[in-house]
Amino acid sequence: MKKRLLLAGFALALGAGYTLTAFSQVKPEILVKQRQAAMTLQGKYYGPMAGMAQGKIPYNGDIVARNAGYLEVLSKMPWDGFVESTKDVTVKTAALPAIWSEPAKFKEAQDKFQSAVGALVAATKTGNEASIKTAIAEVGKAGCGNCHQNFRQKD
């Protein structure tokens with residue numbers, strides 16, 4: 001029994017090693033495209049909520065709860081695509097050099113965004129429209145506004 005458990009553990013560790021090696025060999029251009037795709041999806045699911053919070057479109061709690069859940073997952077996705085090897089890629093990117101010259105500040109912006117999204121998800125569980133709209137606005141300030149001001153080229 002111990003021998004089987006040891007062999008299973010060894011196989012698992014070996015497989016994880018291959019997975020990590022394969023991930024570390026992803027081309028920088030692909031990493032840029034992946035992070036851009038995740039951020040595009042963030043905008044897709046945040047946009048309608050922002051419109052509801054601003055009163056531009058009718059409020060729908062079910063859509064807000066669904067989109068907030070998606071945004072929570074998406075808020076964790078793009079960050080591993082910001083590696084040093086992507087700094088000088090030929091793929092068009094709006095990423096500013098500050099991402100690599102101020103990594104602690106960039107990480108802080110990521111954490112603020114993820115925290116604001118987590119607070120939004122929690123607010124959706126209360127069903128209180130006013131607090132949900134406030135949480136939506138905080139996501140816009142902490143995530144979109146903060147990162148785009150400091151780490152993204154203006155269009």
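1. Let's start with P28, which counts as partly exposed because its relative accessibility is 22% (buried means under 20% relative accessible area, exposed over 50%, and partly exposed in between, with a 1.4 Å probe and protein chains only). P28 belongs to helix α2; helices (H or I, at least four residues) and strands (E, at least two) are DSSP runs, numbered from the N terminus. Not counting residues up to four places away in sequence, P28 touches S85, T86 and V89, where contact means heavy atoms within 4.5 Å. P28 and V89 are 61 residues apart in sequence, yet 6.7 Å apart in space, C-alpha to C-alpha.

2. A word on what you are looking at: this is a predicted model, in which local features need pLDDT of at least 70, side-chain atom pairs count only at pLDDT 80 or more, and totals for chains, interfaces and linings use all residues. Residues are numbered from 1 along each chain as its sequence is written, and side-chain values use heavy atoms, with hydrogens and water left out.

3. Now the overall plan. The chain has 6 helices and 0 strands, giving the pattern α-α-α-α-α-α along the sequence. Of its 155 residues, 31% are buried. Among contacts between residues at least 6 apart in sequence, 75% join residues at least 24 apart.

4. Just after α2, G55 takes a positive phi of about 75°.

5. Which residues of α2 are buried? They are L31, V32, R35, A38, Q42, Y45, Y46, M49, A50, G51 and M52. Q42 counts as buried because its relative accessibility is 10%. Leaving aside neighbours within four places in sequence, Q42 is in contact with L71, L74, S75, P78 and F113.

6. The largest nonpolar core has 28 residues, and M49, L120 and V139 have the most contacts inside it. A nonpolar core is a set of buried Ala, Val, Leu, Ile, Met, Phe, Trp, Tyr and Cys residues joined through side-chain atoms within 4.5 Å. Helices α2, α3 (61-74), α4 (98-101), α5 (103-124) and α6 (129-151) each supply at least two residues of this core, and α5 gives the most, with 8 residues. Beyond its neighbours within four places in sequence, M49 is in contact with V64, N67, A68, L71, L120 and I136.

7. E72 sits in helix α3 and is partly exposed, at 28% relative accessible area. Leaving aside neighbours within four places in sequence, E72 is in contact with V117, G118 and V121.

8. Finally, the largest pocket is lined by 25 residues, of which M39, F82, A94, H148 and R152 lie nearest its centre. On a 1 Å grid over the protein atoms alone, a pocket is an open set of points where a 1.4 Å probe fits, with protein on both sides within 12 Å along at least five of seven lines; lining residues have an atom within 4 Å of a point. Helix α2 gives the most to this lining, with 7 residues.
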